[in-house]
Amino acid sequence: MEQTQTDIAETKESGSSVVPILPLKGTVVYPFLVVPLMIQEAEYVRLVDEALMRGSRIGLFVQKDPQKEHPEPGDLHEIGASGNILKMLRFPDGTVRFLIQGLSRVRIKRFATTEPYLSGEIEEIEDINTNPVKTEAQQRSVLAAVKKLVDLAPYLNEEFHVSVINQDTISKQADFVASNLNVTLEDKQAILAEPDVNARLKMLYQWISKEIEVLELSQKIQAEAASELGKSQREYILREQLKAIRRELGEADGKADLDEFDVKIKEAAMPEYAEKAAFKELDRLRQMNPSSAEYTVARTYLDWLVALPWSSSTKDILDLKKAKRILDEDHYDLEKVKDRILEHLAVRKLKSDIKGPIICFVGPPGVGKTSLGRSIARAMGRKFARVALGGMRDEAEIRGHRRTYIGSMPGRIIQSIRRCESNNPIIMLDEIDKLGSDFRGDPASALLEVLDPEQNNTFSDHYLDIAFDLSKVMFITTANWLEPIPPVLRDRMEVIRIPGYTDIEKLQIARRHLFPKQLENHGLNNDHMDLKDGAIRTLIDGYTREAGLRNLEREIASVTRKVARKVASGRSHKKHIIDSKDIPRLLGPIRFTREVLTRQGWIGVVPGLAYTAVGGEVLFVEATSMPGKQGMTLTGHLGDVMKESAQAALSFIRSNYDALGIKADAFRESELHIHVPAGATPKDGPSAGITMAVALASLYTKCPVKPCLAMTGEITLRGELLPIGGLKEKLLAAVRLGVDTVILPEGNRKDVTELPVEVRKKLKMKFFSDVLSAIAYALDKPAARKTAKRGRAKKSAKK
């Protein structure tokens, strides 16, 4: 049965050894030493109060686990010290500080109570000294070591040595030295628990000797560092000290970090071959000197291996309706691209281990190829990374550098995967048609393995030198032009063409995306400004001439800035309604006009349709003749294929002069000149053949071309009109410039179904399979007769 506190007091008065027990955290109290203590717990405050009032001693025992708030009997060391409270101070926050003097070593025989605080029966432990001579010799060794320690240790002074000598017994000397040594709590408890004075002195001597060795080595390190560098460079000195310590101890740098690599390699869930390579490199790293250059290379390599997402992937959004909604939110039209992504998601839903597709978006600048990649990533719930390939000439940018080079790193593909922290991101390889090559290698060839679904599951980066699976990655490439891409690389990609936008599509995109975006960018909202459809049409027709939307967005931003300035200056508080008549006032005069409408009725001048890297264009072919030597001059920065088309056109016209109604001697004693304006722009391709043939026919028959007519097609010497590419882009350009009729090869009739409805409504398309029929339709015979009649009238008037 447990004793009450009154019983404890009574047994104390009658000479019993039952005393209150105070658990200690982080402090050891030795016999005859005075130690300051602080407590906050209410039960221990009560213990101190009652012990002070009765003048009784208390038991002081160290906790085995200092973190435990309310220790139980089993949580205390068996041997401690009894003590007497000398003085107590109470603070406003409830904290009690007091001085206690140790009296003797004691052992707990049994615990009497646990509430409201611990108490127990203790017995004193007497000191043991079986060999006084040996003890005295040990004492002298300890005193000599203490003297040497005082000379070396900055935390001890000469007064400490004097105090040690002045202790009246060897036991007190040992306890006093132990209480002031820089050793662990467990070591101090070991001294307290040792009743044999000789064994106690032996332990002390070992600890003091170790501390002396550490201090001497520290002084040596400081001396080495100080001799190498000036005392003012404190930070550098500390680094040198650290290096010197490691050299003296012969330990590897960052041993704890190397142990962490063990855990990281296991947690990375690498394939077996990669894990084997990682552990092999870690074993090499443990044998290296941390100061060697090879150590840093090996450590960086391990960092890359454990940081790669070998088995970490994001979960695809397989809800087709949600994916379609996200794609429609971000981009207007582009149904082909959206259908392809939704088809991939549908197959992914049915077959989870499908390989990622390799898609190439081809189209003029500003049509949204790059932003479409981000939208696809959002729709699929994947991470997105963009790698700019424009101007890249070094193969190592793709495959990485070998680790033998200083500053070597993995290639852009592996870097992107590490940044995404996922092994199935969407990686956009932007401007793949702008890749270069030089003595450092050909990046296009390095991409062959990356973009081949049959090979990229074992892609080997030169830096990693082990295979990494890229088959889960969805690669999207972009290009303005397919021709510069090597055929073997083009063959690995699924090409999706993104042509330019019609005026109606531009209007819808500006209304839904561009204008709200610029309002947000300029700190405005719908209460400040509204841009009418007429104003947007004016911007499209009169201030931009492009297949994409970049310039249109810039012009909308310019208009928005004008309004933002008025709002910010406080000059106007009403809502600004911007209509078509306001645009010239804000942006200046109209910059572009319908050129086709201003250049009609001229003999030998014919509009042709061309396809360039920036979309479709309308180019004028001008032909004229003059007296001189028979021959033909070609100007306008024409390529070889276009020059050959001009030669073929002239040969066809000359061989069919009778059918065209041209006099046989029209080609004699005359020099021919064909010019294509915009001479600074390179031009090439066979599709201008029909345009040049019509221009020559117009020149020699003196018949102009029908108004608002343009044409495109390749011709042969036999008079066939062959199909051409880039039809949609060419017809979009024709609509932009005011053309209402186009002459096309019969072979392109099948492509009309893919044209936007707006283009089919605005353009009258005439298909021909032979050149003579096309020329007959293109030439305006009535206009020629009127021109001839006016010419005869002028001659008669002169006579």
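Arg-399 sits in helix 15 (residues 396-399). Helices (H or I, at least four residues) and strands (E, at least two) are DSSP runs, numbered from the N terminus. This is a predicted model, in which local features need pLDDT of at least 70, side-chain atom pairs count only at pLDDT 80 or more, and totals for chains, interfaces and linings use all residues. Residues are numbered from 1 along each chain as its sequence is written, and side-chain values use heavy atoms, with hydrogens and water left out.

Arg-399 counts as buried, at 15% relative accessibility. Buried means under 20% relative accessible area, exposed over 50%, and partly exposed in between (1.4 Å probe, protein chains only). Leaving aside neighbours within four places in sequence, Arg-399 is in contact with Gly-411, Ala-446, Glu-449, Phe-459, Ser-460, Asp-461, His-462 and Tyr-463. Contact means heavy atoms within 4.5 Å.

## Nonpolar cores

The largest nonpolar core has 54 residues. Such a core is a set of buried Ala, Val, Leu, Ile, Met, Phe, Trp, Tyr and Cys residues joined through side-chain atoms within 4.5 Å. Ile-432, Leu-447, Leu-451 and Phe-475 have the most contacts inside it. Helix 11 (residues 293-307) gives the most to this core, with seven residues. Another core, of 47 residues, lies apart from it; Ala-379, Ile-496, Leu-524 and Leu-552 are among its members.

Phe-475 touches Pro-357, Ile-358, Ile-359, Ile-413, Ile-427, Leu-429, Val-450, Leu-451, Asn-456 and Leu-470, not counting residues up to four places away in sequence.

## Helix 20

Helix 20 spans residues 533-543. Its buried residues are Ala-535, Ile-536, Thr-538, Leu-539, Ile-540, Gly-542 and Tyr-543. They pack against helix 19 (503-521), strand 14 (529-531), helix 21 (550-569), strand 15 (576-578) and helix 22 (583-587).

## The largest pocket

The largest pocket has a volume of about 750 Å³. On a 1 Å grid over the protein atoms alone, a pocket is an open set of points where a 1.4 Å probe fits, with protein on both sides within 12 Å along at least five of seven lines; lining residues have an atom within 4 Å of a point. Grid points are joined across faces, edges and corners, and the volume is the space filled by probe spheres set on them.

The lining has 30 residues, and Trp-481, Ala-610, Tyr-611, Thr-612 and Asp-684 are the closest to the pocket centre. Strand 16 (605-612) and strand 17 (615-627) are the elements that give two or more residues to the lining. Strand 16 gives the most, with five.

## Cysteines

The count of disulfides is zero. A disulfide is a pair of cysteine sulfur atoms within 2.5 Å. The sulfur of Cys-708 is 18 Å from the closest cysteine sulfur, in Cys-703, and therefore too far for a bond. Cys-703 is buried at 6% relative accessibility, and Cys-708 is buried at 12%.

## Loops and backbone

Pro-309 lies in the loop between helix 11 and helix 12 (320-330). Pro-309 is buried, at 6% relative accessibility. Its C-alpha atom is separated by 7.3 Å from that of Ala-268, 41 residues apart along the chain.

A cis peptide bond joins Glu-115 and Pro-116, with omega about -5 degrees. Pro-116 is in the loop between strand 5 (96-113) and strand 6 (119-124).

Ala-269 is not a glycine, yet has a positive phi of about 55 degrees. Ala-269 lies in the loop between helix 9 (255-267) and helix 10 (272-287), and is partly exposed at 40% relative accessibility.
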